[in-house]
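Here is a short briefing for a reader who is new to this structure. Look over the sequence and the model first, then work through the points below.

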Amino acid sequence: MSPNDNNDHNMRLAVLIDADNAPRDCLKGIMEEVAIYGTPNIKKAYGDWSTRNLAGWKQTLLDNSVTPVQQFAYTKGKNSTDSAMIIDAMDILYSGNTDGFVLVSSDSDFTGLARRLREAGLFVIGIGEQKTPSPLIAACNKFIYIEVIRERSAKTETKASQPAKKKKSEPAKKSEPARRTEPTKKSEPETKPAPAEERQIPDSIIWLIADSILDLAGTGDNDYVSLGAVGQLIQKKRPDFDTRSYGYSKLSGMVKAIDRFEVVEREDKSDPRSKLVFIRDMEM
């Protein structure tokens with residue numbers, strides 16, 4: 001499920017960054033990703049800033065208005081940063097000033113924290129590298145891979161670096177006698193999305209979509225179910241599911257590329273200007 005399929009974009013979010021287990025080179029991209037889901041009213045990064053390996057974070061923290069929280073290592077080999085971040089998270093939880101948390105780390109030690117925050121009714125977004133252990137991923141409502149964010153940022157920077165195309169000014173045309181107009185050519189048919197195998201959509205993902213449709217079958221007519229409901233169910237089953245990992249910005253574009261599924265749009269009776277999207281598994 002992509003961010004565009006998420007309906008709640010106004011959450012107050014506390015962004016807590018484990019600087020020992022998060023790359024600083026894509027902090028800007030991380031904050032841009034967080035902005036899709038809500039407003040980060042708290043932004044903190046935890047670490048021992050007196051060490052050499054965190055020295056390069058200073059300018060990045062300033063550029064993104066992230067507050068550094070100093071935590072000395074009391075014992076060699078023990079990560080006291082985790083404890084400081086967990087204690088701070090609980091203080092923020094009980095303050096009642098946030099609707100959700102963003103935990104930026106690939107460390108499984110935060111699995112219990114994510115679980116506890118969800119038990120309190122808050123929405124938990126995890127952001128980490130693909131090496132993140134599965135227990136932490138499963139403990140979050142939504143998990144986003146750093147690699148996806150880094151790729152998105154790279155594409156954005158590439159587009160921004162390209163000069164804007166200027167429209168060439170055409171010389172004024174001389175008036176010509178009226179001519180017989182040729183019949184207009186029919187517009188070319190819209191290019192169909194690339195087949196699933198070309199976009200590298202794994203069979204496991206296709207089966208995940210199919211099973212989710214089957215789970216919801218009976219709620220719609222003629223086996224059609226709401227694509228939004230399918231997306232929400234998939235997100236619950238697989239918090240790390242992200243259509244961008246397979247080259248698609250939205251779930252709707254992804255399922256249209258898979259021959260197995262039929263996608264239709266219908267008018268929203270409550271709002272004629274919008275469309276409701278439904279999906280059917282033709283192999284059911």
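Among contacts in the protein with a separation of 6 or more, 62% come from residues 24 or more positions apart. The model is a predicted one. Its secondary structure comes to 9 helices and 9 strands. Of the 284 residues in the protein, 42% are buried.

- β4 is mostly covered, with 5 of its 5 residues buried.
- Which residues cover the two faces of β4? Gly 100, Val 102 and Val 104 are on one side, and Phe 101 and Leu 103 are on the other. All of these residues are buried.
- β1 and β4 run parallel and are joined by 5 bridges. Within this pairing, Val 15 stands opposite Val 102 of β4.
- β4 is also joined to strand β5, residues 123-128, by 5 bridges. These two strands run parallel. Gly 100 has Phe 123 as its bridge partner in β5.

**The open sheet β7-β9-β8**

- An open sheet is formed by 3 strands in the order β7-β9-β8. Their pairing is antiparallel.
- Which strands stand at the edges of this sheet? They are β7 (225-226) and β8 (261-268). Each has a single partner strand, so one side of each is left without a neighbour in the sheet.
- β7 pairs with strand β9, residues 271-281, over 2 bridges in the antiparallel sense. Here Val 225 stands opposite Ile 279 of β9.

**Salt bridges**

- How many salt bridges does a search of the whole structure find? The search finds 13.
- One of them pairs Asp 99 with Arg 12, with the closest N and O atoms 3.3 Å apart. Asp 99 lies in the loop between α3 (80-95) and β4 (100-104), while Arg 12 lies in strand β1 (residues 11-18), so the pair ties together parts that are 87 residues apart in sequence.
- Asp 99 counts as partly exposed, at 31% relative accessibility. Arg 12 also counts as partly exposed, at 35%.
- Lys 44 forms a salt bridge with Asp 88. Their closest N and O atoms are 3.2 Å apart. This pair links distant parts of the chain, 44 residues apart: Lys 44 is in strand β2 (residues 38-47) and Asp 88 is in helix α3.
- Asp 88 counts as buried, with 16%. The cut-off for buried is under 20% relative accessible area.
- Arg 260 and Asp 281 meet through their side chains in a salt bridge of 2.9 Å, N to O. This pair, too, links distant parts of the chain. Arg 260 is in the loop between α9 (251-256) and β8, and Asp 281 is in strand β9, 21 residues apart. Both Arg 260 and Asp 281 are buried.

**Aromatic rings and a charge over them**

- The whole structure holds 3 aromatic pairs, according to the search. In one of them, the ring centres of Trp 49 and Trp 57 are 6.1 Å apart and the planes stand at 65°, so the pair is edge-to-face. Planes over 60 degrees apart count as edge-to-face.
- Trp 49 and Trp 57 are both buried.
- Which rings does Arg 266 lie over? One is Tyr 224, where Arg 266 lies over the face at 5.2 Å from the ring centre. Another is Phe 278, where the charged end of Arg 266 sits over the ring, 4.7 Å from its centre.

**Cysteines**

- How many disulfides does a search of the whole structure find? The search finds 0. A disulfide is a covalent bond between the sulfur atoms of two cysteines.
- Cys 26 counts as buried, at 5% relative accessibility.
- Cys 140 is buried as well, with a relative accessible area of 1%.

Terms used. Residues are numbered from 1 along each chain as its sequence is written. This is a predicted model: local features need pLDDT of at least 70, side-chain atom pairs count only at pLDDT 80 or more; totals for chains, interfaces and linings use all residues. Side-chain values use heavy atoms; hydrogens and water are left out. Rings of Phe, Tyr and Trp (its six-membered ring) pair if their centres lie within 6.5 Å; planes under 30 degrees apart count as stacked, over 60 as edge-to-face and the rest as tilted. Buried means under 20% relative accessible area, exposed over 50%, partly exposed in between (1.4 Å probe, protein chains only). A charge sits over a ring if NZ of Lys or CZ of Arg is within 6 Å of the ring centre and within 35 degrees of the ring normal. Two strands pair if DSSP finds at least two bridges between them. Helices (H or I, at least four residues) and strands (E, at least two) are DSSP runs, numbered from the N terminus. A disulfide is a pair of cysteine sulfur atoms within 2.5 Å. A salt bridge is a side-chain nitrogen of Lys or Arg within 4 Å of a carboxyl oxygen of Asp or Glu. Contact means heavy atoms within 4.5 Å.
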